[in-house]
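Visitor: I'm new to protein structures, and I'd like a close look at one part. Could you show me a charged contact and then walk me outward from there?

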Amino acid sequence: MDAGSVNSLSFSTEKPWSRYRKPLTKVGSTVYIPPLRSSSSNPTSYRQSGDRFIPDRSAMDFDVAHYLLTQPRKEKENVGVVSPAKEAYRKLLAETLLNNRTRILEFNRKTPISTDSMLTAISEAGSSNQCKITKRKRYIPQSAERTLDAPDLVDDFYLNVLDWGSRNVLSIALGNTVYLWDASKGSTSELVTVDDDLGPVTSVSWAPDGKHIAVGLNNSYVQLWDSNSAKLLRTLDEIHRSRVGTLAWNNSILTTGGMDGKIVNNDVRIRNHVVKSYRGHQQEVCGLKWSESGKQLASGGNDNLIHIWDQSMATSSSAAARNQNQWLHRFEGHDAAVKALAWCPFQNNLLASGGGGADKCIKFWNTLTGACLNSVETDSQICGILWNKNERELLTSHGYSQNQLTLWKYPSMVKVAELCGHTSRVLHMTQSPDGCTVATAAGDETLRFWKVFGNPEMDKPAAKKTYSEPFANFSRIR
């Protein structure tokens with residue numbers, strides 16, 4: 001309502017208009033706070049006066065009236081996201097300072113409330129409200145939600161045989177066989193069993209569509225499968241000279257890392273699939289991760305090195321010099337093989353890495369400047385790293401000597417929890433699509449599921465469920 005439309009108001013004794021109960025909203029860079037008293041009031045002259053049909057001009061605060069007339073329009077012009085704490089404080093301040101003065105026209109004078117009592121009410125109510133909105137402590141289960149047998153899991157630090165797809169289907173390679181477990185249905189199927197001269201399976205990785213899956217083999221081949229029809233779509237050969245231990249997708253580009261130290265980009269849509277290559281590692285490549293933007297690739301190797309590759313700097317495989325250095329950054333801070341790599345989901349150009357048994361350190365890198373931001377000693381071999389998608393935390397899986405999972409608060413790197421259960425090094429770790437559940441596979445031939453990244457508001461354990469025949473025909477619940 002505009003200030004010039006007072007004549008159109010109907011003088012009524014109905015309840016105050018609720019749409020005017022949002023005072024003290026920030027407008028631009030200033031906040032209007034109405035005066036505690038009317039400028040024309042005299043404390044000694046307060047009395048009941050006026051007519052019940054005719055407003056008393058001396059009883060009205062024109063500053064407040066102008067504020068109530070113009071504030072709704074200004075609120076619509078400055079719509080923004082306000083935190084619950086600020087909104088609660090704003091309402092409290094309005095009720096106390098304005099003394100519930102929501103009417104523009106007044107018929108009777110009201111005795112003013114002292115400033116001291118107002119401030120006391122704000123302080124007490126504010127403290128009470130702050131207690132109500134305090135975030136509840138998150139419950140973190142100390143044991144796995146479920147444990148499954150994983151017989152014939154190859155106990156090899158350099159392989160990557162566990163992955164969770166976007167359609168909530170988990171894949172795991174056990175020996176020469178790749179199994180699929182549908183987490184929504186609890187059903188299991190066998191995708192493929194390769195011959196002994198091809199296997200064992202050394203890596204698996206879901207495509208972004210959650211339907212197609214790449215399978216790396218010990219004989220250097222990479223197979224691309226349709227998981228719905230269990231049909232082999234194509235085989236990528238002549239990429240590497242030995243086993244393919246790590247895979248990473250960037251849209252339709254499948255990046256492969258081999259024991260020969262080569263990293264190759266394969267466009268799976270075309271016949272001549274090898275489109276780009278990266279050269280820098282002198283030993284086996286055991287970790288590959290594309291950034292969320294798809295512009296940078298991080299690689300870790302058994303030569304204790306991390307390389308950051310810029311997609312625009314990669315050269316065509318047919319024209320590249322065999323020993324040409326093409327990396328954007330080369331990190332030499334670790335003293336052991338680097339398999340654990342993870343890009344931060346809430347901060348661009350932040351990479352976390354973990355070193356093997358002779359290093360035992362988590363390091364954080366700025367891939368824009370090449371600087372090492374922090375290094376944390378863990379006293380245990382680091383096999384995997386995952387960032388929490390819902391909180392500023394990260395989870396590390398460890399090998400010798402404790403075989404535990406450790407949850408860290410970032411950036412303070414204070415330990416939030418340590419989860420034990422595996423009796424051998426936790427070689428593989430992957431995250432569910434919703435970011436709440438983590439699956440781990442260890443050398444003790446078990447596959448465990450942890451609710452470590454569960455609901456932040458959960459303050460008590462949920463009732464345990466029993467599952468019938470997960471991984472049917474080859475495993476059992478322990």
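Guide: Let's start with the salt bridge between Arg 425 and Asp 155, whose closest N and O atoms are 3.3 Å apart. Keep in mind as we go that this is a predicted model. The two partners come from distant parts of the chain, 270 residues apart. Arg 425 is in the loop between β25 and β26 (428–431), while Asp 155 is in the loop between β1 (146–149) and β2 (162–164). Their surroundings are worth a look too. Arg 425 has a relative accessible area of 12%, so it counts as buried. Asp 155 has a relative accessible area of 40%, so it is partly exposed.

Now step along to Asp 156, which is also in the loop between β1 and β2. The side chain of Asp 156 meets that of Arg 243 in another salt bridge, at 3.0 Å from N to O. Here again distant parts of the chain are linked: Arg 243 is in the loop between β9 (231–236) and β10 (244–250), and the two residues are 87 apart in the chain. Both Asp 156 and Arg 243 are buried. They also belong to a network of salt bridges, which links Asp 156, Arg 243 and Glu 284.

For another example, find Asp 267 and Arg 269, which form a salt bridge with their closest N and O atoms 2.9 Å apart. Asp 267 has a relative accessible area of 9%, so it is buried. Arg 269 has a relative accessible area of 62%; this is over 50%, so Arg 269 counts as exposed. In the whole structure, a search finds 8 salt bridges.

Charged side chains can be found over rings here as well. Lys 339 lies over the face of Phe 157, at 5.4 Å from the ring centre.

The structure holds 11 aromatic pairs. One of them joins Trp 181 and Phe 449, with ring centres 5.1 Å apart. Why is this pair called tilted? Its planes are at 50°, which falls between the limits of 30 degrees for stacked and 60 for edge-to-face, so the pair is tilted. Trp 181 is in strand β4 (residues 177–182) and Phe 449 in strand β28 (residues 446–450), so to speak two distant parts of the chain, 268 residues apart. Trp 181 is buried, with a relative accessible area of 2%, and Phe 449 is buried as well, at 1%.

Another tilted pair is formed by Phe 346 and Tyr 410, at 6.3 Å centre to centre and with 55° between the planes. Phe 346 is in the loop between β18 (338–343) and β19 (350–355), and Tyr 410 is in the loop between β24 (405–409) and β25 (414–419). That makes them 64 residues apart, and the pair again links distant parts of the chain. Phe 346 is partly exposed at 29% relative accessibility, whereas Tyr 410 is buried, with a relative accessible area of 12%. To finish the walk, look around these two rings: ring pairs link Phe 346, Phe 364, Trp 387 and Tyr 410 into a cluster.

Conventions:
Residues numbered from 1 in each chain as written. Predicted model: local features only at pLDDT ≥ 70, side-chain atom pairs only at ≥ 80, totals over all residues. Heavy atoms only, no water. Phe/Tyr/Trp six-rings, centres within 6.5 Å; stacked < 30°, edge-to-face > 60°. Helix = DSSP H or I, 4+ residues; strand = E, 2+ residues; numbered from the N terminus. Buried < 20%, exposed > 50% of the residue type's maximum accessible area, 1.4 Å probe, protein only. Lys NZ or Arg CZ within 6 Å of the ring centre and 35° of its normal. Salt bridge = Lys/Arg side-chain N within 4 Å of Asp/Glu carboxyl O.
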